[in-house]
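Biologist: Could you walk me through this model, beginning with the overall layout and then going into the packing?

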Amino acid sequence: MSEEGESSAVPRPRRPNLSSPPAPPAEAPVPVEGRPEPDLPGARPRRATVPTLLDFFPAEDEKLTELHPFFDHLKAGRFTTTRCRKDGELLWPPRAVCPRCHRSELDWVDLPMRGRIYAHSAVLAGAPLGMEADVPFSVGLVDLEGAPLRLFGRIEGRPWKELAIGQLVRVEPYGLPDGRVFYRFRVEETLAPVGR
Ligand SMILES: [Zn+2]
């Protein structure tokens, strides 16, 4: 048998039949003997109540993340991250464990609330889940003033075509309808961009 014949004998992955009708909705699960009923301890919940992978924003509840102080601080108007107590490394994003020394003795420290635009762009199509109605909007990298951090985020306060490199922005908490909070940058209207 030739090499060609051998290779053609390898079973090909089946392609989905696109012309077939969609499968009917699944019936309600039939209780199986020995398995716990839904919603009992140890059972799989019927409906997920935590954010999923398609959710652009992270879980913030203290039951779900050790990094909940970041969000608690943000709600109180503070912009914070973690610093390793042993090697002093300022970590971004906030961490539960230092990636350098693998210790979990970390301190929460305040970050500057202002920075300058290092680079910017705009989302004109294909926005992440929940941001479709905001298009067009600006995103960019911001160098925090007085901290060695260059952070990504949305930039508000000015049309995307009017943003400039070097422009001053401030960090502001942004509340989500479900009660979570995240941060965005907002252009400081009173200060002109740095000439380059
Ligand atoms: Zn460390």
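**Layout and packing**

Modeller: The secondary structure of the protein comes to 2 helices and 8 strands, where helices (H or I, at least four residues) and strands (E, at least two) are DSSP runs, numbered from the N terminus. This is a predicted model, in which local features need pLDDT of at least 70 and side-chain atom pairs count only at pLDDT 80 or more, while totals for chains, interfaces and linings use all residues. Residues are numbered from 1 along each chain as its sequence is written.

Biologist: In what order do the elements run from the N terminus on?

Modeller: The order is α-α-β-β-β-β-β-β-β-β.

Biologist: And which strands make up the closed barrel?

Modeller: The barrel has 5 strands in the order β4-β5-β6-β8-β7, with mixed pairing; two strands pair if DSSP finds at least two bridges between them. From one strand to the next the twist averages 50 degrees, with axes being lines fitted to C-alpha atoms, for helices over the stretch in contact, and angles running from 0 to 180 degrees between N-to-C directions.

Biologist: How many bridges join β4 to β5, and how many join β4 to β7?

Modeller: Strand β4 is joined to β5 (residues 137–144) by 8 bridges, antiparallel, and R116 stands opposite D143 in β5. Between β4 (residues 114–123) and β7 (residues 168–175) there are 3 bridges, also in the antiparallel sense, and G115 has V169 in β7 as its bridge partner.

Biologist: What about β5 and β6?

Modeller: Those two pair antiparallel over 6 bridges, with D143 opposite R150 in β6. Their hairpin has 5 residues between the strands, and there G146 takes a positive phi near 85 degrees.

Biologist: Switching topic, what is the strand order in the open sheet?

Modeller: The open sheet has 3 strands in the order β2-β1-β3, with antiparallel pairing, and its edge strands are β2 (90–91) and β3 (106–110), each of which pairs on one side only. Strands β1 and β3 are joined by 5 bridges, and T82 stands opposite W108 in β3.

Biologist: Where does α2 lie?

Modeller: Helix α2 (residues 68–75) lies across β7 and β8 (181–187), and runs at about 50 degrees to β8. The helix is followed by G77, whose phi is positive, near 85 degrees.

Biologist: Which residues of α2 are buried?

Modeller: They are F70, F71 and L74, a residue being buried if 20 or more other C-beta atoms, placed from the backbone, lie within 10 Å of its own. They cover an arc of only 90 degrees around the axis, so they sit on the same side of α2, the arc being that of the directions from the helix axis to the C-beta atoms. The buried residues of α2 pack against β1 (80–84), β7 and β8.

Biologist: How many residues does the largest nonpolar core have?

Modeller: It has 15 residues, and L74, F79, I117, V142, I155, V169 and F185 have the most contacts inside it; a nonpolar core is a set of buried Ala, Val, Leu, Ile, Met, Phe, Trp, Tyr and Cys residues joined through C-beta atoms within 7 Å. Two or more residues of this core come from each of α2, β6 (150–156), β7 and β8.

Biologist: And what does V169 touch?

Modeller: Not counting residues up to four places away in sequence, V169 touches G115, I117, V142, I155, F185, R186, V187 and E188, where contact requires C-beta atoms, placed from the backbone, to lie within 7 Å.

Methods. Contact = placed C-beta atoms within 7 Å. Buried ≥ 20, exposed ≤ 12 C-beta atoms within 10 Å, placed from the backbone.
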